[in-house]
Amino acid sequence: MTSATREWQKINETDRETVAKHLNELPVKLGALANDLGIDVKLSSLPLNISGQIAKTATGFEIKINRHESRQRQRFTLAHEIAHFLIHRDVIERMGGTLTDNVLYRSGASESIEYEANRLASQIVMPEHALKAAYLRFGENISESAVELLAEQFGVSKAAMEIRMAA
Ligand SMILES: [Zn+2]
């Protein structure tokens, strides 16, 4: 199971169970996870400098992902917006019901909020248990080609994979 990080602890129990259910299959099916959480996801023609957005709607929440960015990037953005939903619903409310993330994942919310969302997003796309299994398989000094293999398995960029492994 996913380790008890600070971000993970902030998720309410119902949502946590929903997320955990989705972490056993790689690459994690983020669209299905979002739907299970009651979030609508749309690929959207957002402005060039915007990666994603989460907004409260009349019936729930909606995430928009910039359709012009790479597939790996879209996956991380979706995980980032899901993370905002999981632990920052109060923040979304305070910001008037919409959080819009630019390409640096800055939204006007505080740095610590964005940092939390990035950390939780990493834990969702690259689940702890799968990472531990990789360390068992490859050892602690993972080669360049093994990192590439893992990145592909998780559906993330090599850079995201390296950052996660350094954390
Ligand atoms: Zn954000």
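A nonpolar core here is a set of buried Ala, Val, Leu, Ile, Met, Phe, Trp, Tyr and Cys residues joined through side-chain atoms within 4.5 Å; buried means under 20% relative accessible area, with a 1.4 Å probe and protein chains only. This is a predicted model, with local features needing pLDDT of at least 70 and side-chain atom pairs 80 or more, while totals for chains, interfaces and linings use all residues. Residues are numbered from 1 along each chain as its sequence is written, and side-chain values use heavy atoms, leaving out hydrogens and water.

**Stop one: the core.** Select Ile82, Leu86, Ile124 and Met161, which touch the most other members of the 48-residue largest nonpolar core. Now colour helix α4 (residues 71–87): its eight residues are the largest share of this core. Helices (H or I, at least four residues) and strands (E, at least two) are DSSP runs, numbered from the N terminus.

Stay on Ile124. Beyond its neighbours within four places in sequence, Ile124 is in contact (heavy atoms within 4.5 Å) with residues including Val19, Leu23, Ile82 and Leu86.

**Stop two: a buried serine.** Pick Ser51, in strand β2 (residues 50–56). Is Ser51 buried or exposed? Its relative accessibility is 0%, so Ser51 counts as buried. Show side chains: Ser51 makes a polar contact with Glu69 at 3.1 Å and another with Arg73 at 2.7 Å. A polar contact is a pair of N or O atoms within 3.5 Å; within protein, one must be able to donate a hydrogen and the other to accept it, and residues adjacent in sequence count only if both atoms are side-chain atoms.

Notes
Buried < 20%, exposed > 50% of the residue type's maximum accessible area, 1.4 Å probe, protein only.
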